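Welcome! Have a look at the structure first, and then read on.

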Amino acid sequence: MSQETASPAPGAQETPGAADKDRPPAAAERPPLLRQVTESTALMGILAVLSALIVGSLLILIADPQVRTTAGYFFARPSDFLSAAGTSLSEAYAALLRGSLLDWRAATLHRAIRPLTETLTIATPLILAGLGMAVSFRAGLFNIGGQGQLILGAILGGYVGIAWGLPPILHLLVAMALAALGGLLWGGLAGVLRARTGASEVIVTIMLNSVAGYLLAQVLTLDAFIGEGNSNPKSIYMQGTAHYPRLLGESFRLHAGFVVALLAAAAVWWMMERSSLGFQFRATGLNANAARTAGMNVPLVTVLVMMVSGALCGLAATAPVLGTEQHLSLSVAGTIGFDAITVALLGRSTPLGTVLAGLLFGALRAGGTLMQAATGTPVDIVLVLQSTIVLFIAAPPLVRAIYRLPAQGSWRRQHENRIPATAAQEA
């Protein structure tokens with residue numbers, strides 16, 4: 001008697017999920033949405049920002065009482081409405097530029113360039129955390145835990161800055177290293193759970209964000225952080241030897257952390273584009289099954305990706321802890337971890353794009369305050385701009401539909417289809 005083979009007969013249908021039983025949990029394909037976002041062109045990012053500015057402009061007009069008044073008799077005297085709308089938009093965006101780049105109305109050069117330094121200062125942690133998000137996105141992983149990784153980095157780096165007595169340069173370097181280590185461990189934990197159990201990194205990192213927040217609250221009750229006899233949930237200030245040096249003197253907040261962010265961007269570019277480790281990251285993100293067939297250890301790559309991503313987010317914590325705030329508080333992380341996701345998406349998960357996107361968001365934050373003070377425009381419109389950018393970045397088909405752009409890769413497919421036809425005609 002002939003033995004039956006294990007392979008199914010031609011045309012037979014396999015049981016759903018049967019072929020996936022032996023597949024390791026980390027072998028899941030890269031999410032289509034993430035691939036669309038990271039592979040979108042720079043034009044898509046520009047159009048997303050432009051679309052957000054259009055939405056923001058409409059909100060500015062709605063919030064302006066003079067515009068609303070003139071809109072009531074628009075058909076009688078449309079020139080009043082157009083004049084009021086033009087004045088409202090020009091004043092709002094002029095104030096935004098004055099508060100983020102150059103205040104041309106300032107009396108001194110010192111005050112004129114302060115907005116630019118504030119933009120760079122605010123952008124520093126966004127760039128570092130955005131680079132962490134970009135690494136994970138390029139590898140096909142949704143790291144939503146930047147907030148928790150940043151908090152762990154703040155705790156460890158802050159403890160070194162408070163409790164350890166070291167020489168000036170060494171103290172800063174050790175605090176930076178421990179901050180990166182905190183983020184690395186927190187991100188690595190999510191990576192291990194993803195690689196070993198198949199747990200979704202999205203759910204795990206979101207939950208770890210909450211754990212980190214409660215851990216920070218507990219830490220700020222310890223005498224080692226807040227000092228003896230103090231009940232205020234705010235740590236004592238870091239030792240001066242652990243501070244980032246100010247780049248333009250004590251009158252400006254811009255510190256050496258911005259240089260660290262640029263160096264980190266260069267290092268991430270080299271790692272992703274020139275190293276074998278970065279090649280494994282990118283290959284696993286494009287097709288985990290193909291990477292495994294090529295001999296790559298996909299579970300190990302998953303863990304390493306989350307560790308690198310977490311380390312960069314932990315390093316981002318040094319910007320407020322060792323640079324601007326110089327102490328720990330419950331709001332030390334702010335919304336940096338979540339804003340970094342937008343920065344990485346807008347920057348198409350590339351180092352240069354992430355730096356530029358971080359500068360853009362830093363400018364929006366820095367200029368929003370002056371825009372509200374000078375024109376009465378609600379500062380919440382800046383948040384609306386950021387949220388709208390996320391919406392358009394996460395929906396490339398929507399942007400293509402609005403601006404009547406061809407589908408991604410359609411020109412290439414048409415060109416490739418014309419080649420066989422031309423060859424057949426020549427034959």
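How do the residues of the lining of the largest pocket divide into nonpolar, polar and charged? They split into 8 nonpolar, 7 polar and 3 charged. Please keep in mind that this is a predicted model.

**The largest pocket**

The volume of this pocket is about 370 Å³. Its lining is made up of 18 residues, and those closest to the centre are Pro125, Pro320, Thr324, Glu325 and Ile336. Two elements each give two or more residues to this lining: helix H5 (109–138) and helix H14 (318–324). Helix H5 has the largest share, with 4 residues.

**The second largest pocket**

Next comes a pocket with a volume of about 300 Å³. There are 13 residues in its lining, and Ala42, Leu346, Gly347, Gly353 and Leu356 lie nearest its centre. Here the elements that contribute two or more residues are H2 and helix H16 (351–375), and H16 gives the most, with 5 residues. Which domains does the lining of the second largest pocket draw on, with at least three residues from each? They are domain 1 (40–99 + 377–406) and domain 2 (123–370).

| Pocket | Volume | Lining residues by class |
|---|---|---|
| Largest pocket | about 370 Å³ | 8 nonpolar, 7 polar, 3 charged |
| Second largest pocket | about 300 Å³ | 8 nonpolar, 4 polar, 1 charged |

**Helices H2 and H17**

Helix H2, which gives residues to the lining of the second largest pocket, also packs against another helix. In general, a pair of packed helices is described by the angle between their axes and by the distance between those axes. For helix H2 (residues 42–63) and helix H17 (residues 380–393), the angle is about 140 degrees and the axes are 8 Å apart. Is the crossing of H2 and H17 left-handed or right-handed? It is right-handed.

The contact itself can be followed residue by residue. On the H2 side are Gly45, Ala48, Val49, Ser51, Ala52, Leu53, Val55, Gly56, Leu59 and Ile60, and they meet Ile381, Val384, Leu385, Thr388, Ile389, Phe392 and Ile393 of H17. By class, the residues of this contact comprise 13 nonpolar and 4 polar, with no charged ones.

Key. Residues numbered from 1 in each chain as written. Predicted model: local features only at pLDDT ≥ 70, side-chain atom pairs only at ≥ 80, totals over all residues. Heavy atoms only, no water. Axes fitted to C-alpha atoms, helices over the stretch in contact; angles between N-to-C directions. Left-handed = near helix turned anticlockwise from the far one by under 90°. Contact = heavy atoms within 4.5 Å. Nonpolar A, V, L, I, M, F, W, Y, C, P; charged D, E, K, R; others polar. 1 Å grid on protein atoms, 1.4 Å probe; cavity = no way out; pocket = protein on both sides within 12 Å on 5 of 7 lines; lining within 4 Å. Points joined across faces, edges and corners; volume = space filled by probe spheres on them. Domains from an automatic or database assignment.
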